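Here is a short report for a reader who is new to this structure. Look through the sequence and the model before reading on.

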Protein chains: 2
Amino acid sequence: MGESRASQPSPDDLLAVGEVSERTGVAVSALHYYERLGLIASVRTDGNQRRYPRHMLRRISLLVVAKRIGIPLADVKEVFDTIPLDATPTHQAWQHTSRLWREQLRERKRAIEQLDAEITGCIGCGCLSMKACALLNPGDLLGETGQGPRRL
Amino acid sequence: MGESRASQPSPDDLLAVGEVSERTGVAVSALHYYERLGLIASVRTDGNQRRYPRHMLRRISLLVVAKRIGIPLADVKEVFDTIPLDATPTHQAWQHTSRLWREQLRERKRAIEQLDAEITGCIGCGCLSMKACALLNPGDLLGETGQGPRRL
DNA sequence: GCTTGACCTCAACCATAGTTGAGGTTTTAG
DNA sequence: CTAAAACCTCAACTATGGTTGAGGTCAAGC
């Protein structure tokens with residue numbers, strides 16, 4: 001089961017939703033969801049079934065990449081809204097987008113590296129005394145009025 | 001407003017919820033939420049108001065750090081469950097936990113780096129043709145039956 | 001001793017990212 | 001022609017991580 005139609009090429013080079021699901025690894029329910037959000041689109045048969053042109057696979061793959069990066073769907077939509085739904089995005093457009101996403105990815109990496117440095121410092125210093133620890137005192141704390149933890 | 005009680009040290013070295021909120025930067029509603037989840041605890045006054053011993057600030061700060069790393073609260077709870085609620089965690093316990101979390105952080109970093117490499121390669125190669133692109137073809141795809149995108 | 005800000009509980013709601021199920025229709029294979 | 005697989009819509013539900021509001025209480029200062 002699950003193969004009868006999905007595994008053979010549709011006429012007219014249009015793909016049924018199950019076929020798209022198999023090829024992209026995205027659940028059918030998610031494809032429906034993305035369509036409701038306007039991230040992807042399909043044409044319909046006379047019987048109201050979805051058919052996807054092949055270039056939609058590209059769009060969906062891009063979406064999956066964005067998700068891997070941690071880009072929220074709303075942000076993906078903003079980018080996708082600048083790319084016509086009815087065609088493959090141009091190389092230029094994809095370059096622009098991929099550079100943008102890569103920048104976001106690198107920001108996330110920088111944030112992680114900073115946290116790593118902080119936590120590593122913390123492991124070394126025995127920060128639990130909550131003295132001058134960057135990790136436990138992100139900038140603002142250290143209760144000015146306290147008879148609190150001895151401040152050195 | 002917001003200062004009358006919160007800005008002065010409570011008697012008996014116990015902190016009211018508003019004071020804890022100010023010092024940790026965590027919203028009062030979130031503190032209530034964390035308490036419902038069993039992540040933190042408080043003693044109550046005769047009038048049923050929460051009072052926090054100072055060491056609870058430490059627990060909350062740890063929680064905030066974990067959130068920054070992206071650790072789900074359920075995972076934080078698992079760790080916290082091994083640390084007595086009624087005392088400062090030992091240096092040992094914190095070392096163990098922080099090393100664990102650091103490992104998770106580094107895993108996330110590795111994933112990001114791989115994606116970065118993939119997306120960078122993709123920018124260079126003009127992957128939109130969906131040929132042999134690692135980014136657009138994560139391992140499994142490339143529709144075996146297709147008269148699909150020309151496969152070189 | 002009373003006012004006012006801080007606090008309480010509980011239920012409902014928000015966003016994100018979907019999944020699940022009911023009830024019904026379409027398409028394809030035999 | 002018919003059975004089965006795949007599809008359809010719509011509403012409700014899941015999980016995570018909280019916030020908001022209603023309705024009422026507590027505690028500190030004047």
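## Terms and model

Two strands pair if DSSP finds at least two bridges between them. Helices (H or I, at least four residues) and strands (E, at least two) are DSSP runs, numbered from the N terminus.

This is a predicted model, in which local features need pLDDT of at least 70 and side-chain atom pairs count only at pLDDT 80 or more, while totals for chains, interfaces and linings use all residues. Residues are numbered from 1 along each chain as its sequence is written, chains are lettered from A and ligands numbered from 1 in the order in which they are written, and side-chain values use heavy atoms, with hydrogens and water left out.

## The sheet of chain B

In strand 3 of chain B, B:Pro53 is the bridge partner of B:Leu14. Helix 1 (residues 17-24) of chain B packs on the sheet. This helix touches strand 1 and strand 3 of chain B. Contact means heavy atoms within 4.5 Å. The direction of helix 1 makes about 85° with that of strand 1 of chain B. Axes are lines fitted to C-alpha atoms, for helices over the stretch in contact, and angles run from 0 to 180 degrees between N-to-C directions.

The open sheet of chain B has three strands in the order 1-3-2, with antiparallel pairing. Its edge strands are strand 1 (14-16) and strand 2 (43-44), and each pairs on one side only. Three bridges link strand 1 of chain B to strand 3 (residues 50-53). Two bridges link strand 2 of chain B to strand 3 of chain B. B:Arg44 has B:Arg50 as its bridge partner in strand 3. Strands 2 and 3 of chain B form a hairpin with five residues between them. In the turn, B:Asn48 has a positive phi of about 70°.

## The sheet of chain A

Chain A also has three strands in an open, antiparallel sheet, in the order 1-3-2. Strand 1 (14-16) and strand 2 (43-44) of chain A are the edge strands. Strand 1 of chain A runs antiparallel to strand 3 (residues 50-53), joined by three bridges. A:Leu15 stands opposite A:Tyr52 in strand 3 of chain A.

UniProt lists residues 14-82 of chain A as "domain: HTH merR-type" in an unreviewed entry. UniProt positions are given in the numbering used here, feature names are shortened, and annotations may be inferred rather than shown by experiment. This span is 58% helix and 13% strand, and its end C-alpha atoms lie 24 Å apart.

## Buried residues

A:Met56 is found in helix 3 (residues 55-69) of chain A. A:Met56 counts as buried because its relative accessibility is 2%. Buried means under 20% relative accessible area, exposed over 50%, partly exposed in between (1.4 Å probe, protein chains only). Leaving aside neighbours within four places in sequence, A:Met56 contacts A:Ile40, A:Ala41 and A:Leu85. The C-alpha atoms of A:Met56 and A:Leu85 are separated by 8.2 Å, with the two 29 residues apart along the chain.

Which residues have the most contacts inside the largest nonpolar core? They are A:Trp101 and B:Trp101, in a core of 58 residues. A nonpolar core is a set of buried Ala, Val, Leu, Ile, Met, Phe, Trp, Tyr and Cys residues joined through side-chain atoms within 4.5 Å. A:Trp101 is buried, at 2% relative accessible area. Not counting residues up to four places away in sequence, A:Trp101 touches several residues, including A:Leu62, A:Phe80, A:Trp94 and B:Ile119.
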